[in-house]
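Here are my notes on this one, written as numbered points. Have the model open while you read.

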Amino acid sequence: MKCFLKKTLAVCLIGLGLGILLVLLLPVSGWLFIIGLTIVCVGLMWLAC
């Protein structure tokens, strides 16, 4: 059950990060793009471990 919750949270993080990246695809502000990229990376690392 704990593993399932962990994976669900990771997928949510990846989805959130991708959403931020898609909304800001025209990178007006680079720091928001970096935040989105970081969230996706954290989600992927979480999913991998």
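Predicted model: local features only at pLDDT ≥ 70, side-chain atom pairs only at ≥ 80, totals over all residues.

1. Let me start with a question: what covers the buried residues of helix 2? The cover includes helix 1.

2. The overall picture is quickly told. The protein has two helices and zero strands. Of its 49 residues, 18% are buried. Among contacts with a separation of 6 or more, 53% link residues 24 or more positions apart. The accessible surface is about 3,700 Å², and carbon and sulfur atoms hold 86% of that.

3. With 22 residues at 1.5 Å a residue, helix 1 should span 32 Å, and its end C-alpha atoms do lie 32 Å apart, so the two figures agree. The buried residues here are Ala10, Ile14, Gly17 and Leu21. Seen down the axis, they fall within an arc of 65°, so they line one face of helix 1. A reminder on the geometry: an α-helix has 3.6 residues a turn, so residues three or four places apart point the same way.

4. On the face turned away from its buried side you find the exposed residues Phe4, Leu5, Leu22 and Val23.

5. Helix 2, residues 30–48, passes the length check too. Its 19 residues should span 27 Å at 1.5 Å a residue, which agrees with the 27 Å between its end C-alpha atoms. Buried in helix 2 are Gly36, Ile39, Val40 and Gly43. Down the axis of helix 2, these buried residues fall within an arc of 95°, so they line one face of the helix. The face turned away from that buried side carries Trp31, Ile34, Met45 and Ala48, which are exposed.

6. Gly19 is in helix 1, and its C-alpha atom is separated by 7.9 Å from that of Gly36, 17 residues apart along the chain. Gly36 is one of the buried residues of helix 2. Gly19, by contrast, counts as partly exposed because its relative accessible area is 29%, and the cut-off for buried is under 20%.

7. The other pair involves Lys6, which lies in helix 1. Lys6 and Gly43 are 37 residues apart in sequence, with 9.9 Å between their C-alpha atoms. Which residues does Lys6 touch, leaving aside those up to four places away in sequence? They are Trp46 and Cys49. At a relative accessible area of 32%, Lys6 is partly exposed.

8. Leu9, Val42, Met45 and Trp46 make a patch of about 360 Å². Helix 2 gives the largest share, three residues. Val42 is found in helix 2 and counts as partly exposed, with 34% relative accessibility. Met45, also in the patch, is among the exposed residues on the face of helix 2 turned away from its buried side. Trp46 ties this point to the previous one: it belongs to the patch and is touched by Lys6.

Definitions and conventions. Residues numbered from 1 in each chain as written. Heavy atoms only, no water. Patch = residues over 30% accessible without salt bridge, like charges linked within 9 Å, V, L, I, M, F, W, Y side chains within 5 Å. Areas by Shrake-Rupley, 256 points an atom, 1.4 Å probe, with all protein chains shown as cover. Salt bridge = Lys/Arg side-chain N within 4 Å of Asp/Glu carboxyl O. Helix = DSSP H or I, 4+ residues; strand = E, 2+ residues; numbered from the N terminus. Buried < 20%, exposed > 50% of the residue type's maximum accessible area, 1.4 Å probe, protein only. Contact = heavy atoms within 4.5 Å. Expected span 1.5 Å × (residues − 1). Arc of directions from axis to C-beta.
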